[in-house]
Amino acid sequence: YKGTTTVAGGMGNPEMVSLIARYDLARIEDNIISEYSLNYLNRMVELCKQEDIELVLVTTPFTYFHLAGMEDYTVFYKYMKQYAEDNGIEYYDFNLCKNDILPLANEDFLDIHHLSGKGAEEYSKVFVDVMKNKDKKERESLFYDNVEEKLSDLPQQTFGIVYESLDEEYKKYEVRLVSNYSIEEEYRIAL
């Protein structure tokens, strides 16, 4: 998503997906889909209808850290689900695929929202299995209804830390733990 940046080398390991991110540069609710992208999506939908091609919209998975850290991801999910419904097409968000169907870990990603080769292989197998199943209700049963349900079905864990600028001039930031459980956080920040 436009404006999301990460600090290279999460936890001091340059090979690892970053566990620290800055999320104040763009909010999903302010940037669900660009006018340019929406125009092309509408054109694809129309072309598929004209050519009698069944179109299925999907969102590919990204890390639990990114999913939980955005806080307003549900805005995007609801928008895309409504868009698909309004256009008579199916939509599957593989971020909401049940954990036992598509169990991805940080190692399956190059960064917070791009699968690695290994992750792409795992996702591709599940994607093919889901799309081969012609029973729409059965396909839908492979997905959670929302982000909260997905995250609560995982073991309790901390995914990372996000920071948001409160005042650039005085270098004030809000730092927040990204996890799927409630905890009293304590931070020590050295400058």
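This is a predicted model: local features need pLDDT of at least 70, side-chain atom pairs count only at pLDDT 80 or more; totals for chains, interfaces and linings use all residues.
Student: OK, so where is Ser165?
Tutor: Ser165 lies in strand 7, which covers residues 158–167.

Student: Is Ser165 buried or exposed?
Tutor: With a relative accessible area of 18%, Ser165 is buried, because buried means under 20%.

Student: And how far apart are Ser165 and Val175 in space?
Tutor: From C-alpha to C-alpha they are 8.9 Å apart, while in sequence Ser165 and Val175 are separated by ten residues.

Student: Switching to helices, how do the axes of helix 1 and helix 3 cross?
Tutor: The axes of helix 1 (residues 35–50) and helix 3 (residues 73–86) come within 12 Å and cross at roughly 30°, and the two helices are therefore roughly parallel to each other.

Student: Which residues make that contact?
Tutor: Helix 1 contributes Leu38, Leu41, Asn42 and Val45, and helix 3 contributes Tyr79, Met80 and Tyr83; of these contact residues six are nonpolar, one is polar and none is charged.

Student: What about the largest nonpolar core, how many residues has it?
Tutor: That core has 37 residues, and those with the most contacts inside it are Leu57, Tyr73, Tyr91, Phe94, Leu102, Leu151 and Phe159.

Student: Which element gives the largest share of this core?
Tutor: Helix 3 does, with six residues, and strand 7 is among the elements that give two or more.

Student: Last one, what is Leu102 in contact with?
Tutor: If neighbours within four places in sequence are left aside, Leu102 is in contact with Pro61, Tyr64, Phe94, Cys97, Glu122, Tyr123 and Val126.

Conventions: Residues are numbered from 1 along each chain as its sequence is written. Side-chain values use heavy atoms; hydrogens and water are left out. Axes are lines fitted to C-alpha atoms, for helices over the stretch in contact, and angles run from 0 to 180 degrees between N-to-C directions. Helices (H or I, at least four residues) and strands (E, at least two) are DSSP runs, numbered from the N terminus. Angles under 35 degrees count as roughly parallel, over 145 as roughly antiparallel, 65 to 115 as roughly perpendicular and the rest as oblique. Contact means heavy atoms within 4.5 Å. Ala, Val, Leu, Ile, Met, Phe, Trp, Tyr, Cys and Pro count as nonpolar, Asp, Glu, Lys and Arg as charged, and the others, Gly among them, as polar. Buried means under 20% relative accessible area, exposed over 50%, partly exposed in between (1.4 Å probe, protein chains only). A nonpolar core is a set of buried Ala, Val, Leu, Ile, Met, Phe, Trp, Tyr and Cys residues joined through side-chain atoms within 4.5 Å.
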